[in-house]
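Trainee: I would like a close look at one part of this structure. Please take the charged side chains and walk me through them.

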Amino acid sequence: MAWAAIVTDNMFPTRYAQGICRDDPEGGDGRITCRTDNATLTYYMDSKNPGKLEADDKADVRKSMKYDFNPTDLKVKEHKSPVLKGSAETDIIYQESSSKLPRNADGVTWCNDAASSTKCDQQYVRIRPQYTRGMACHETGHAVGLLHGDQAYPKKSKKDKALGCMKTPVGSNQNLGSNNKGNINRTY
């Protein structure tokens, strides 16, 4: 995959996002930043309550994976059942729920199994009952290490067009964008 032009580095870690990846003890406050542990990106969409995704929510996740992340250097694969232990855990588990989400957040991503100071072997994405392609892209972006504009170098507005689906707030059909693709391909 050819590299796209990078306007800003919004791939964890940056000058403005130096935290340590670790398991999130609160289980979903989104304050701990990590990136997935390798270029193989596996995902599972919860099929049991309380985090079950409906058919239209699953379609939004699949659309983002197909049109946003699969065209990058990531090797995207859906798991039909999650792998929750061992060295080949499912990288991202999507849930639909408002449980434990901060009031001002539509979604959150958190690490369940830190692999190093920057990488996580398994992350969870929880989105309120309003999944869209844009929200799936945004939270998946966090799982692969993409950050908001105020954590990028050089810093950008959280609403900067160059951030694609990492803008805040994100549009319902927002795509990944060339800056994010460039950062993913440079990293993976």
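Mentor: Start with a term. Buried means under 20% relative accessible area, exposed means over 50%, and partly exposed lies in between. Keep in mind that this is a predicted model.

Now the charges. Side chains of opposite charge can pair when their charged atoms come close. The count here comes to 5 salt bridges. Take the pair of Asp68 and Arg133. Their closest N and O atoms are 2.7 Å apart. Are they buried or exposed? Both Asp68 and Arg133 are buried.

Stay with helix 1, which also holds Asp60. Asp60 is buried too, yet Asp60 has no salt bridge. Which side chain of opposite charge is nearest to Asp60? That is Lys63, and it is 6.0 Å away. What does Asp60 touch, then? Leave aside its neighbours within four places in sequence. Asp60 is then in contact with Tyr131, Thr132, Arg133 and Ala136. Arg133 turns up again: it is a contact of Asp60 and the salt-bridge partner of Asp68.

Helix 1 spans 55-69 and helix 2 spans 133-144, and both are among what covers the buried residues of helix 3. Helix 3 runs over residues 178-187. Its buried residues are Asn179, Asn180, Gly182, Asn183, Ile184 and Asn185.

Lys80 forms a salt bridge with Glu78, with the closest N and O atoms 3.7 Å apart. Lys80 has a relative accessible area of 66%, so Lys80 is exposed. Glu78 has 21%, so Glu78 is partly exposed. This pair does not stand alone. Arg62, Glu78 and Lys80 are linked in a network of salt bridges.

One more pair. Asp150 forms a salt bridge with Lys158. Here the closest N and O atoms are 3.9 Å apart. Asp150 is partly exposed, because its relative accessible area is 33%. Lys158 is partly exposed as well, at 35%.

Conventions:
Residues numbered from 1 in each chain as written. Predicted model: local features only at pLDDT ≥ 70, side-chain atom pairs only at ≥ 80, totals over all residues. Heavy atoms only, no water. Buried < 20%, exposed > 50% of the residue type's maximum accessible area, 1.4 Å probe, protein only. Helix = DSSP H or I, 4+ residues; strand = E, 2+ residues; numbered from the N terminus. Contact = heavy atoms within 4.5 Å. Lys, Arg positive; Asp, Glu negative; His and termini not counted. Salt bridge = Lys/Arg side-chain N within 4 Å of Asp/Glu carboxyl O.
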